[in-house]
Number of protein chains: 2
Amino acid sequence: MQNAGAGNQIEAIKENLKDVKNIVMVISGKGGVGKSTVASNLALVLAGKGKKIGLLDIDIHGPNLPKMLGVEKERMQSPYENRIEPVKISENLKLVSMAFLLPEEDQAVIWRGPLKMKIIQQFLSDIQWGKLDWLVVDAPPGTGDEPLSMAQLVPASSAIVVTTPQEISILDVKKSIDFVKKLNIKLLGIIENMSGFKCPHCGKEISLFKKGGGKKLSVEMRIPFLGSIPLDPNLVDSADRGILYVEKFPDAPATRALKGIADKISEKK
Amino acid sequence: MQNAGAGNQIEAIKENLKDVKNIVMVISGKGGVGKSTVASNLALVLAGKGKKIGLLDIDIHGPNLPKMLGVEKERMQSPYENRIEPVKISENLKLVSMAFLLPEEDQAVIWRGPLKMKIIQQFLSDIQWGKLDWLVVDAPPGTGDEPLSMAQLVPASSAIVVTTPQEISILDVKKSIDFVKKLNIKLLGIIENMSGFKCPHCGKEISLFKKGGGKKLSVEMRIPFLGSIPLDPNLVDSADRGILYVEKFPDAPATRALKGIADKISEKK
C-alpha cells in the first residue's frame, strides 16, 4: 500500500509538471556558499531572456528566497480547490516557498524528515506551475531529506552544484557530487561563487575565500565547469534588501558571470 | 514500547554523561555563518584555560570539524565492547564526528531523519566522554532533525546562537531563537561572526557582511550578547589547513574576541 501511494504521488507530480521542460536542483554541500543568491539570480537572468521560469524554495527551515526577491509580504493564492498559484515576481518568473505559508517570518519550522517530504510533494503536485522552460529548485545544504525527496519524487531532474573556493567547502561539495552520482541525477556542472574579491577602496585583490578551488575540482572529477562569480558586497546587500541584483547592476562582473552561466546551462538543454 | 525505548535511551545517555558538567549546542539559522569555526575555536580557548572539553560534531552531512582541527585522518578507537573513545586533539580536548566513521572523506551520507537521530543517540550514549567541564555540540544549520534530536535526548542542554550581521542571516537566526524557546533550551546568548572587515592592504573598513545586526537583535529580543568576531582571512585559511587559529594567532582581534566570549560563557555557569 505504501508503495502504491508513493507511485500515485509520483504519477500526480508527473501529470502536474507535464508542461515543465527542465527541472534543475541547485545544491551545495556547505551552507552559506550563496546557493540561494545564485539560484535566484540565475532564474532572473533566464527570465530576462524570455524563458518561463518557476523558482521552488525547498529550504523548509531557512526559506530566504521571498525576502531576497522582495516579495516576503506576498502570499500564494488558491482560487480553485486543491490548486495553489505561485507568487509572481515578474512576467516570466514565479516563486513558491515555505516562507509564504508561515504566519510570522521569524517562526521556526520544527519538522522532522517525513513532514518535509510531504510538503515538497505538495509543492510539486498541487501548485499550478503551468508552462515552464525551467523549474529551478533551491535546496538546503547537505544531502538529507529535502534534496533526497526531490530526487525521488522527480526522477528526471538535473543538478547544479555551488561551492566557494575554500577547501572546507570543496570537501563538502565532493559529498554533493557523490550524492548526485548515487541517485543518477544528471549533473549540469559546478559554479564557483565568492571567487576572488577586490577591495572597493584600493582595488587590490584580497584572498578571502580564495580562488580556483571549484575549477580545479571540476578538472579533477571531470565535471563541466559553469563559471566563477566574484564576491560583491552589492550582491549581499541586494539579497538583504530584496533588490533584483542582475537588473540593478547589469554591467557588474558578477552579473556578467551569471549571464555566461545561464547561456551555458541553456545550451545543455 | 516505543516510549519505553526512548525513555531507556534517555536514561542511558544521562548515565553516560553523568560526569559532564555543561552541555552547550552551537546553532545557527543559516549555513556558512562560521558556526563550526566558532564552536571549534571556543572549545580550544576553553581547553587552553584548563577546562576539560568534549567537542561533538552532529552535522551528519557536512562534518567539517576533523579537517578544521587537522585530525581528519584519525579514527575513533574501541578498546572495549560497545564503548568508543573520542579522538584526542590535545590534553584537554576530545572530538567525535561522523567524519571519523566514513571510509572516504568525499562520501555522501544520504540519510533521512530517523537514521540521523539514531547516530546522535549513539554519540551520546556509547562514547566514552569521561569527565568534562563542557560538551560543545556543533549542530548543522536550521531547526531540523539534528538539533531537535539533541534537544530531546539531552533536555538539560543550553544553546549559543551564531549569526553574521546581514539581514538574511538575522531572519534565519530569529527562527533559531524561536526554536530554542519552544523547546525550553536555555539560551546563553548570541555571537555575531564576520562582524566588520578591514582590507589587509589599505586598512580601510569594507562593508561586506555589514556590522551590528547581531547586537541589535540581542537588544530587540532581550537576549544576552556574547560578542562580535571580526572577519579574518587567516581564520578561513586556518580552517582549511587544520591550523589551530587561536593558538597560532594569539593576539589577533578575532582571538581576543573569542577569549572574551569564552569568559562570558564560563561566568554563566
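**The interface between chains B and A**

Between chain B and chain A there are 32 residue pairs in polar contact, both at pLDDT 80 or more. A polar contact is a pair of N or O atoms within 3.5 Å; within protein, one must be able to donate a hydrogen and the other to accept it, and residues adjacent in sequence count only if both atoms are side-chain atoms.

This is a predicted model: local features need pLDDT of at least 70, side-chain atom pairs count only at pLDDT 80 or more, and totals for chains, interfaces and linings use all residues. Residues are numbered from 1 along each chain as its sequence is written, chains are lettered from A and ligands numbered from 1 in the order written, and side-chain values use heavy atoms, without hydrogens and water.

The count of salt bridges between the two chains is 8, each a side-chain nitrogen of Lys or Arg within 4 Å of a carboxyl oxygen of Asp or Glu. A:Asp240 forms a salt bridge with B:Lys210, with the closest N and O atoms 3.0 Å apart.

Chain B and chain A each put 57 residues into the contact, meaning heavy atoms within 4.5 Å. About 5,000 Å² is buried between them, 60% of it on carbon and sulfur atoms; that is accessible area (1.4 Å probe) lost on being put together, summed over both. B:Ile110, B:Arg112 and B:Lys175 supply 14% of the area that chain B buries against chain A, more than any other three residues.

Now the helix pair. The axes of H2 (residues 35–48) and H10 (residues 253–267), both of chain B, come within 9 Å and cross at roughly 70°. Therefore H2(B) is roughly perpendicular to H10(B) (65 to 115 degrees). Axes are lines fitted to C-alpha atoms, for helices over the stretch in contact, with angles from 0 to 180 degrees between N-to-C directions; helices are DSSP runs (H or I, at least four residues), numbered from the N terminus.

Key: Helix = DSSP H or I, 4+ residues; strand = E, 2+ residues; numbered from the N terminus. Parallel < 35°, antiparallel > 145°, perpendicular 65-115°, else oblique. Buried area = accessible area lost by both parts, 1.4 Å probe.
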